[in-house]
Every structure is written in structure tokens, then in C-alpha cells.
Amino acid sequence: MSGYQWIQPNRYFRSGSFLAIYFRNSDFGGTKNQDGLYLSGEIEFLNYWEVQVSSFLSREGMSNTFTRGGPQAITPASSSLDVNVESDSRKPVVFSVYSGYQWDDADGWDGNVGLEMEWKVKSNLTLSFEPSYQKGKIDAQWVGKVADPTMVATYGNRYLFASLDRQIVSGTVKMNWTFSPVLSLQLYLQPYIAVGGYEGFKELRQAKSYDFNVFGQNGSTLAEEGDSYRVDPDGAGPHSAFTFRNPDFNMKSLRGTVVLRWEYRPGSSLYFVWTQDRADYSNPGQMRLGRDLGDLFTAEGSNIFLVKATYRWGA
């Protein structure tokens with residue numbers, strides 16, 4: 001690890017820092033799981049704005065978790081770049097804009113962008129809003145495992161994977177309102193939509209590799225049957241056909257909590273809490289933001305009401 005920090009302001013910057021770290025992870029058998037380089041830098045300007053940049057470079061490794069308890073498999077080399085810009089925290093409106101991009105040697109990628117904004121409306125009222133969007137592709141996402149004693153190369157099981165295209169839209173809304181030293185109200189609301197579509201189903205060909213048998217090629221067949229897939233690994237050959245569930249998903253949730261706190265005497269308080277939770281899973285594998293938001297806000301939800309009291313003896 002090596003780094004440097006500037007703590008004396010100059011005509012351009014108030015402060016700055018740079019950090020470089022080499023890392024290596026190995027299992028108890030001495031196998032290298034991951035190694036690479038992490039770089040980060042931060043600058044605070046004279047107007048109190050800040051910029052942070054970080055990068056992650058990882059070489060090819062051997063994963064113990066890729067097959068969820070099965071044989072080891074190679075993980076491709078990957079890289080990432082993240083940038084974050086923060087405004088002057090002393091101002092009534094403070095915001096932070098961030099963006100990141102990650103890619104690997106298997107043509108997988110992932111990009112995200114987000115905003116964190118806080119508005120100090122008054123000395124006793126603060127609002128914050130944090131929307132974000134993420135989109136990417138994973139070349140080999142875990143799908144499942146099927147027992148097959150004839151798969152000697154992967155120790156008697158077929159480890160199923162597929163290419164996954166996913167999108168995530170999320171946000172957080174918070175409010176803190178202090179009416180008096182003894183009475184306050186907090187609000188928390190979090191909508192979340194995650195959609196994923198799978199294609200190119202395949203199986204790990206051999207342990208300690210990143211090689212796959214793609215279903216529907218080289219004599220194998222793949223057929224969709226309702227909400228499942230049926231695979232015949234070798235057509236008229238000796239291997240048995242099997243089925244697995246279509247893993248496409250469209251998970252939508254909305255969680256909100258309101259808390260009213262009243263300190264009715266020094267050290268003793270009453271809490272009135274309302275929590276609502278909504279969820280919907282319709283239209284798996286397909287994102288249409290307007291439709292999905294409509295499904296989310298019209299979905300049936302659960303409501304929980306809670307009253308909590310504390311009392312301090314001798315206050």
C-alpha cells in the first residue's frame with residue numbers, strides 16, 4: 001500500500017490525497033482467488049466541492065464460490081472506474097452525483113448513475129432524495145444444479161449458468177422534521193424495481209475452467225415449456241434430459257416507515273410507528289418503467305402499526 005496526502009491549501013486545492021493498494025486473496029489450500037490493484041484519489045477545491053475517483057483492476061482468478069459449493073472455476077479479469085462529485089456541505093442544498101462502470105474479459109459489464117440530494121428547508125426540517133439507475137450484463141450468472149453421475153468432469157453434477165441482462169431502478173426519500181425539542185417526525189420511503197432476463201443457457205464443461213457447453217448446440221436441445229425449460233444434453237445419446245424453472249424476474253417493492261416520537265417527560269418517550277410494505281412480481285424479464293411503477297403502487301401491501309413506550313425512573 002502506498003499513498004500521499006496534501007493537507008496545506010494552495011491556490012487551486014484545499015486538500016487532496018492519493019492511495020494505491022495491491023491486494024491478493026488465497027484460500028487455505030494456497031490457491032489464488034483474486035489479486036489486483038486498487039487506486040483512489042480525492043480533491044477538495046477552495047469552494048469546498050469535492051471530487052473522488054477510484055479504479056479497481058483485478059486479474060483472472062480461481063473462485064471457490066462460482067458453482068455455489070461445487071468445483072472451483074476461473075473468474076475472468078475485470079476492471080472498474082467510479083467517479084463521485086460532492087457540492088459544498090455548508091449550503092442549504094447539498095448534492096452528490098456519482099457514476100461507475102465495470103467490465104470484464106468475458107464481455108460482461110455494469111454501469112450505474114445516481115444522485116444524492118439533501119435540502120435543509122429550515123433549521124428543523126430536512127428532506128433528502130436519492131434516485132439511482134443500474135444496467136448491465138453478466139456473462140455467466142448462476143441458474144441451478146442438476147445431479148448427473150455421468151458428468152465426471154464436474155464431479156457428478158451439472159452446474160447451470162446463463163447470460164443475464166438486468167436493470168435496477170431504486171430511490172430513497174427521507175424527511176426529518178423536529179417540531180419542538182420533545183416532538184419529531186421521521187419519514188422513510190424506498191421504491192425498488194429489479195428486472196432480469198436470462199438467455200444462452202449453458203453448463204460448466206470442466207472444473208477449474210471458464211468453459212461451457214451451450215444448450216441448443218452440438219447435438220443438445222433446449223425447449224421452453226410454460227415457465228420452465230427442458231434440456232436434452234446429447235439428443236439421442238445416453239445422458240438424461242432434465243428441466244429447470246425459467247429464472248427471469250421482475251421484482252418490485254415499496255417500503256415506507258413513518259415514526260412520530262414524543263418525549264413526554266425527560267428521558268421517557270412514546271413512539272408511534274406505521275410501516276407499509278408492497279411487492280409485485282408480474283411481467284418477469286421485461287422492464288417498462290411506467291407499467292412497473294403502476295403495478296408497484298397498486299399492489300396489495302401489508303400495514304404494521306406499532307406503539308413503543310419508554311420510561312426513565314427517577315427522571
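User: Where does Tyr155 lie?
Analyst: Tyr155 sits in the loop between β10 and β11 (157–180). Please note that this is a predicted model.

User: What is the phi of Tyr155?
Analyst: Tyr155 is not a glycine, yet its phi is positive, at about 60°.

User: And is that residue, Tyr155, buried or exposed?
Analyst: Tyr155 is exposed, because its relative accessible area is 58% and the exposed class begins over 50%.

User: Which other residue has a positive phi although it is not a glycine?
Analyst: Asn218 does, with a phi of about 55°. Asn218 belongs to the loop between β13 (212–214) and β14 (221–225). Its relative accessibility is 79%, so Asn218 counts as exposed.

User: Changing topic to pockets. What volume does the largest pocket have?
Analyst: The volume of the largest pocket is about 570 Å³. Its lining consists of 26 residues, and those nearest the centre are Thr75, Pro76, Gln102, Asp104 and Ile138.

User: Which elements give two or more residues to that lining of the largest pocket?
Analyst: They are β3 (32–45), β5 (61–63), β8, β9 (109–122) and β10 (125–147). The most comes from β10, which gives 5 residues to the lining of the largest pocket.

User: How many residues of each class are in the lining of the largest pocket?
Analyst: The lining of the largest pocket has 11 polar, 8 nonpolar and 7 charged residues.

User: What about the second largest pocket: what is its volume?
Analyst: The second largest pocket has a volume of about 160 Å³. It is lined by 14 residues, with Ser40, Gly41, Gln52, Val53 and Ser54 closest to its centre.

User: Which strand holds Val83, and how exposed is Val83?
Analyst: Val83 is found in strand β7. With a relative accessible area of 34%, Val83 is partly exposed. That value is over 30%, the accessibility cut-off for patch residues.

Methods. Residues numbered from 1 in each chain as written. Predicted model: local features only at pLDDT ≥ 70, side-chain atom pairs only at ≥ 80, totals over all residues. Heavy atoms only, no water. Helix = DSSP H or I, 4+ residues; strand = E, 2+ residues; numbered from the N terminus. Buried < 20%, exposed > 50% of the residue type's maximum accessible area, 1.4 Å probe, protein only. 1 Å grid on protein atoms, 1.4 Å probe; cavity = no way out; pocket = protein on both sides within 12 Å on 5 of 7 lines; lining within 4 Å. Points joined across faces, edges and corners; volume = space filled by probe spheres on them. Nonpolar A, V, L, I, M, F, W, Y, C, P; charged D, E, K, R; others polar.
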